[in-house]
Amino acid sequence: MSIQAIRTEENLVTEEPYYEPVGQEVEVFASAYRNQLPILLKGPTGCGKTRFVEYMSWYLQRPMITVACHDDLTASDLVGRYLVKGGETVWVDGPLTRAARNGCICYLDEIVEARKDTSVVIHPLCDDRRLLPIDKLGELLQVPDEFCLAISYNPGYQSVLKDLKQSTRQRFVALEFDYPDEAKEQMIVEKEAPGIDPDVARHLVKFGTMTRNLKGGGLDEGASTRLLVNAGKLIADGIDPVLATDTAVALALTDDVDMLKAVHELSRSVF
């Protein structure tokens with residue numbers, strides 16, 4: 001049996017990612033890290049949660065491992081399992097175990113999408129014990145001080161059946177994210193879509209705000225900052241703004257014919 005360890009430098013964010021703070025989230029995350037407290041990020045899709053964790057990986061100079069959670073993700077996927085390689089049965093650490101062994105930041109994105117047994121694994125990591133049970137190895141891994149667990153979810157999108165239990169959420173320091181104000185969002189679009197005209201960026205942000213007003217009125221989510229940046233890149237590359245918003249925003253938001261028409265009309269009213 002052999003234990004596979006990661007080369008942590010492959011996960012280190014070496015160049016500063018562009019991130020525009022909207023409050024004191026950097027200071028709170030850094031303080032939670034120093035105090036060995038896990039962090040919960042709450043907020044809508046595409047508002048910058050993942051970019052923020054990447055920024056904190058660079059800021060704290062700690063390697064980062066990201067797991068995109070989904071319906072089929074089990075505790076074994078996170079912790080590890082035995083595999084047959086070359087006729088030999090070997091143990092392969094999962095991403096959570098690799099992060100724990102090497103003192104990385106482990107980011108579980110959209111944690112509520114994973115199966116319920118994952119909460120059993122992370123609970124001992126989220127209190128004073130700081131332990132990771134690896135039942136198949138008979139090992140109780142004491143994680144190093146440098147290890148940090150960060151999770152995220154979108155409380156406005158999840159159903160009642162896919163919500164964080166109080167027994168889980170009360171173990172975390174929580175940071176709430178939302179879309180930035182229009183001036184800051186315009187700054188982000190201009191930075192992420194080099195070459196876009198500032199006036200066009202301003203109108204693009206106005207359009208995004210208008211789509212968010214449709215949330216609950218037919219749209220599950222309005223245009224995220226990420227989608228506005230995507231549209232901005234198309235516009236900066238010469239695509240007509242109406243076509244760019246149709247393809248990068250409207251069609252990405254919905255397949256409903258009536259809602260598509262409504263979003264199309266919003267873009268035409270702005271541009």
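Me: What does the model count, and at which pLDDT?
Reply: It is a predicted model, so local features need pLDDT of at least 70 and side-chain atom pairs count only at pLDDT 80 or more, while totals for chains, interfaces and linings use all residues. Residues are numbered from 1 along each chain as its sequence is written, and side-chain values use heavy atoms, with hydrogens and water left out.

Me: Which residues of H1 are buried?
Reply: In helix H1 (residues 25–34) they are Glu25, Val26, Phe29, Ala30, Ala32 and Tyr33. Buried means under 20% relative accessible area with a 1.4 Å probe, protein chains only. Helices (H or I, at least four residues) and strands (E, at least two) are DSSP runs, numbered from the N terminus.

Me: Why do they line one face of the helix?
Reply: Seen down the axis of H1, the buried residues fall within an arc of 160 degrees, so they line one face. The arc is taken from the directions from the helix axis to the C-beta atoms.

Me: What do they pack against?
Reply: Strand E1 (39–42), helix H2 (49–60), strand E8 (148–153) and strand E9 (173–176). Contact here means heavy atoms within 4.5 Å.

Me: And what follows H1?
Reply: Gln36, with a positive phi near 55 degrees.

Me: New topic. How many cavities of 30 Å³ or more are there?
Reply: There are 2. On a 1 Å grid over the protein atoms alone, a cavity is a set of points where a 1.4 Å probe fits but cannot get out, and a pocket is an open set with protein on both sides within 12 Å along at least five of seven lines; lining residues have an atom within 4 Å of a point. A volume is the space filled by probe spheres set on the points, which are joined across faces, edges and corners.

Me: What is in the largest cavity's lining?
Reply: The cavity holds about 140 Å³, and its lining has 5 nonpolar, 3 polar and 4 charged residues. Ala, Val, Leu, Ile, Met, Phe, Trp, Tyr, Cys and Pro count as nonpolar, Asp, Glu, Lys and Arg as charged, and the others, Gly among them, as polar. Helix H5 (residues 117–122) gives the most, with 3 residues.

Me: Which residues line the second largest cavity?
Reply: Among them are Ala32, Tyr33, Gln36 and Cys148. The cavity holds about 50 Å³.

Me: Which residues lie nearest the centre of the largest pocket?
Reply: Gly46, Cys47, Gly48, Arg51 and Arg226, out of 24 lining residues. The pocket holds about 510 Å³, and H9 gives the most to its lining, with 5 residues.

Definitions and conventions:
Buried means under 20% relative accessible area, exposed over 50%, partly exposed in between (1.4 Å probe, protein chains only).
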